[in-house]
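Please read it alongside the sequence and the coordinates.

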Amino acid sequence: MGALFLRDVRLGLRAGGGALVGILFFLAVIAVVPFGVGPDLKLLSRIGAAMLWIGALLATLLGLDRLFQADRDDGSLDLLIMASDRHMLPLTILVKCLAHWTVSVLPLVIASPLLGLFMNMEPAAIGATALTLLVGTPAITLIGAVGAAVAVSLPRGGLLVSVIILPLTIPVLIFGVSASYGAVEDPAPFLAPFLILAAITLFFAVLGPIAAAAALKSSAD
Amino acid sequence: MRLIAENLGGERGGELLFSGLHFAVSSGEALIVTGPNGSGKSTLLRIIAGLLSQVEGMLRLEGAPAAFEGLAAAAHYLGHLNAMKSVLSVDENLHFWQSFHGRGQCSIEEALECVSLGEIGHLPFGYLSTGQKRRVSIARLLVSDRPVWLLDEPTAGLDKASETQFAGLMRGHLTGGGIIVAATHLPLGLEGSKELALGGAA
């Protein structure tokens, strides 16, 4: 399993891995917001957390369709499925999701404080947003694994994956943003939405790989 | 150890390709599956590998070594695709499959020597020629031990010398008590193997 994690991380980092695409997209989205919204610093700092979350959500969706398709194209997926007696398939998928998250989503979380400065956010809000992104984005990847597994046999499944999983990621977005606001706006709570966000991630850490495994097994042809 | 199929039937895209297949392959034996294009050779191999489900019939592996419980767990599958990443080096690819499938008797260097590719372990897999890629894929069969080899057109892209070499590797596997099921158009150079012809009517 460690070998699979290492392989996927290496693949993501080498040329053509696409790890940079997400972060460039994230940077582009956040960099154009101040131009679109205008120079109202107060407004920017108010919508900052929400814009960071929306940007991170969309950037995460970008690379997800390749999660299993690359393995299917070269035949590795068959062998991963065949090895399910030795390595449980949901566990294999969980490891692939973790590797994908480490390579293409963790950089977004790390870059988010810097981009928070673009949005004139206060330090507490920046910290809270980075923390909620760290806890919440794994859920997006894990939900995305289900969509990627369903669309694995479609040659241009990228858009379909995003459409399938977008409704399911809405709760992550809602609780992520409300926890970020809760950290700076006084009457709003921080801990409650943050804990729900953590619960969503843990829930999909179990359900996502199992559902994706079922989809992959039935899609083999 | 025996691989037994009884009344096996397989379909592809809703169309029945074969039905009522019976065969039994024991340790040290090879089964060569022949037939015209589209007669269901690959489908049969994928059914044996557990990647497709059969329409009817039974498939079982009797007396498998304790470490390999199901048929899929006891089988190496060499399909049309090589299951290697082109941006990773040959060594990295083989190293991954070795740790994922479990360490066998052969080390990676020995396996590459067996397919005469000892010198190129450091090259990215994508740089190799078609035949060299196939030979790396064959080396994957050697780095982890599986009693059953399922080979789908294993010699596609290989030159004469590599074919002879691969025949030697297969004979070695059979002598060690293994089973080979191979789908092919070309003679594999295995004497005394059983033959199963698919799609005679088609």
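Ala75(B) stands opposite Val148(B), a residue of strand E6 of chain B. This is a predicted model, in which local features need pLDDT of at least 70 and side-chain atom pairs count only at pLDDT 80 or more, whereas totals for chains, interfaces and linings use all residues. Residues are numbered from 1 along each chain as its sequence is written, and chains are lettered from A and ligands numbered from 1 in the order in which they are written.

**The sheet of chain B**

Helices (H or I, at least four residues) and strands (E, at least two) are DSSP runs, numbered from the N terminus. E5(B) and E6(B), the latter spanning residues 148-152, pair in the parallel sense over four bridges; two strands are taken to pair if DSSP finds at least two bridges between them. They belong to an open sheet of five strands in the order E5-E6-E7-E3-E8, with parallel pairing.

| Edge strand | Residues |
|---|---|
| E5(B) | 75-78 |
| E8(B) | 194-197 |

On average, and with direction ignored, neighbouring strands of this sheet are turned by 15 degrees against each other. Axes are lines fitted to C-alpha atoms, for helices over the stretch in contact, and angles run from 0 to 180 degrees between N-to-C directions. Helix H1 (residues 41-48) of chain B lies across E3, E5, E6 and E7 of chain B, and runs at about 150 degrees to E7(B).

In the loop between E3 and H1 of chain B is Pro36(B), which counts as exposed because it has 12 C-beta neighbours inside 10 Å (buried means 20 or more other C-beta atoms within 10 Å, exposed 12 or fewer, and partly exposed in between, with C-beta atoms placed from the backbone).

The axes of H2 (residues 90-101) and H4 (residues 130-143) of chain B come within 9 Å and cross at roughly 35 degrees. Val90(B), Leu94(B), Trp97(B) and Gln98(B) in H2(B) meet Val136(B), Ala139(B), Arg140(B) and Val143(B) in H4(B), contact meaning C-beta atoms, placed from the backbone, within 7 Å. By class, this contact has six nonpolar, one polar and one charged residues (Ala, Val, Leu, Ile, Met, Phe, Trp, Tyr, Cys and Pro count as nonpolar, Asp, Glu, Lys and Arg as charged, and the others, Gly among them, as polar).

The contact between the chains takes 21 residues from chain B and 20 residues from chain A. H2(B) gives the most to the side of chain B that touches chain A, with four residues.

How values were computed. Two residues are in contact if their C-beta atoms, placed from the backbone, lie within 7 Å.
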